[in-house]
Amino acid sequence: MEYDASGAYAGLGVTHRMAVIGVLVDAWDEEVWARTASHVESLGVGQQSIVLVVERAYFASERTIEIADMIVPAESNKLIYNGPVGDSAGAEPARG
């Protein structure tokens, strides 16, 4: 993966970088799937090796503000997801 390692905000995440310019990131979406590697991907794996594809988008008020596409070899990587539970704005959860 490549990261932007230059500038005053190098190493900060999307939410922090956007906050600096007054943009509040309020949502993100990720799609993940597996497929075979193509000949144009230089991942150090064979052309027919399995890779994981991750497409991530960040949003501010339903407007897409940044998109990241990542492709990694499946045999040497795993994806771990976690996040807060409940409404971060403090609303009461619905009870059934």
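**Close-up views of a predicted model**

**View 1. Glutamate 66 and its partner.** E66 counts as partly exposed, at 22% relative accessibility. The model is predicted. E66 forms a salt bridge with R17. Their closest N and O atoms are 3.3 Å apart. E66 sits in strand β3 (residues 63–73) and R17 in helix α1, so the bridge ties together parts 49 residues apart in sequence. R17 is also partly exposed, with a relative accessible area of 29%.

**View 2. The salt bridge between R56 and E30.** The structure holds 2 salt bridges. In this one, the side chains of R56 and E30 meet, with a distance of 2.3 Å from N to O. R56 lies in strand β2 and E30 in strand β1 (residues 27–36), so this pair ties together parts that are 26 residues apart in sequence. R56 is partly exposed, with a relative accessible area of 24%. E30 has a relative accessible area of 18%. Buried means under 20%, so E30 counts as buried.

**View 3. The largest nonpolar core.** Seven residues make up this core: V14, M18, V23, V25, Y58, A60 and I65. Helix α1 (14–20) and strand β2 (50–60) are the elements that give two or more residues to this core. In soluble globular proteins, nonpolar side chains tend to be buried together.

**View 4. V23 and its contacts within the core.** V23 is one of the core residues. Neighbours within four places in sequence are left aside here. Beyond them, V23 is in contact with M18, A60 and I65.

Methods. Residues numbered from 1 in each chain as written. Predicted model: local features only at pLDDT ≥ 70, side-chain atom pairs only at ≥ 80, totals over all residues. Heavy atoms only, no water. Core = buried A, V, L, I, M, F, W, Y, C linked by side-chain atoms within 4.5 Å. Buried < 20%, exposed > 50% of the residue type's maximum accessible area, 1.4 Å probe, protein only. Helix = DSSP H or I, 4+ residues; strand = E, 2+ residues; numbered from the N terminus. Contact = heavy atoms within 4.5 Å. Salt bridge = Lys/Arg side-chain N within 4 Å of Asp/Glu carboxyl O.
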